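Student: I would like to go through this model one feature at a time. Please give the general idea before each case.

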Amino acid sequence: MSAGEPGGLRADRVARRAGGRLVVDGVSLAPPPGGTTGLIGPNGSGKSTLLRILAGVLAPETGVVTLDGDPLARVGRRAAARRIAVVDQHAATEADLNVVDVVRLGRIPHRRAWSAPTPEDEAAVDAALERTGLTGRRAQSWHTLSGGERQRVQIARALAQGPRELLLDEPTNHLDIQHQLQLLSLITALPLTAVIALHDLNMAAMFCDRIAVLSRGRVVAAGTPAEVVTEELIAEVYRVRAVVTPEGPEKRPSVRFLPQTV
């Protein structure tokens, strides 16, 4: 990266079509290094597609994603996988794997094909299991885990990659409130840059440093939770009425939805 070029992971006016329509339409996003950025918006607003573009899974039709100032396509998939980890909504496997086997998958970008795990690989796996509270579950079968436990294993697998950027697509989907809080507390405490697509506005306001609101593929608002999560924006984007109240020492917004539609 040359002097003056932006660091970290950035999207600059990226666009992508699906089924003949623009799913992501000229989006720019620059997650603050070390912070947690939330992506919120209605179903079909482009959150998942934007995450896949940031991860390099999908190529933008226009615009560019850069990593430390270099276009992601030039960085290469293997090098990018050493920096960027992805946690999807649902992770499933037909194979009979135990927890430690799944977490070891995170070391694949660091190993040559068919090579045995190195002591460095095993140390990274052990550290990821400890960070996620799974050390005692390392020998447990993946198929016996609850939804919340599986999500923690996927976080551990992502951490074993040693990433600096972590992209998560609805990681709290289908989890009860206790496991949602535990998972988001874990993610926001990690020493890396996180971008999280979320449905729950209160969870986004509680845990994210910054929020970008997507609607019909475009960013219609971006800033701190207090700047973004407002009654006016909720009415405009979600077409519902809500009461927003600042709470706690940081005055983070708390949303109470009203039954009347706009």
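Predicted model: local features only at pLDDT ≥ 70, side-chain atom pairs only at ≥ 80, totals over all residues.

Student: What sets a cavity apart from a pocket?

Tutor: On a 1 Å grid over the protein atoms alone, a cavity is a set of points where a 1.4 Å probe fits but cannot get out, whereas a pocket is an open set with protein on both sides within 12 Å along at least five of seven lines. Lining residues have an atom within 4 Å of a point. Grid points are joined across faces, edges and corners, and a volume is the space filled by probe spheres set on the points. Here the count is one cavity of 30 Å³ or more.

Student: Which residues line the largest cavity?

Tutor: Its lining consists of Gly-8, Leu-9, Pro-31, Pro-33, Glu-165, Thr-193 and Val-195. For classes, Ala, Val, Leu, Ile, Met, Phe, Trp, Tyr, Cys and Pro count as nonpolar, Asp, Glu, Lys and Arg as charged, and the others, Gly among them, as polar. That gives four nonpolar, two polar and one charged residues in this lining.

Student: What is the volume of the largest pocket, and which residues are closest to its centre?

Tutor: The volume is about 550 Å³. Of its 25 lining residues, Ala-55, Gly-56, Val-57, Arg-77 and Ala-80 are the closest to the centre. Helices and strands are DSSP runs (H or I, at least four residues, for helices; E, at least two, for strands), numbered from the N terminus. Two or more lining residues come from each of helix H1 (47-55), strand S4 (62-67), helix H2 (72-75), helix H3 (77-83) and strand S6 (84-87). By class, the lining has 19 nonpolar, four polar and two charged residues.

Student: At what angle do H5 and H6 pack?

Tutor: Axes are lines fitted to C-alpha atoms, for helices over the stretch in contact, and angles run from 0 to 180 degrees between N-to-C directions. Helix H5 (residues 119-131) and helix H6 (residues 147-160) pack at about 140°, with axes 8 Å apart. Contact means heavy atoms within 4.5 Å. H5 contributes Ala-124, Val-125, Ala-128 and Arg-131, and H6 contributes Ala-156, Leu-159 and Ala-160. Six of these residues are nonpolar, none polar and one charged.

Student: Is Val-14 buried or exposed?

Tutor: Buried means under 20% relative accessible area, exposed over 50%, and partly exposed in between (1.4 Å probe, protein chains only). Val-14, in strand S1 (residues 9-18), is buried because its relative accessibility is 0%. Beyond its neighbours within four places in sequence, Val-14 contacts residues including Val-24, Leu-50, Ile-53 and Val-64. The C-alpha atoms of Val-14 and Val-64 are 5.8 Å apart, although 50 residues separate the two along the chain.

Definitions and conventions. Residues numbered from 1 in each chain as written. Heavy atoms only, no water.
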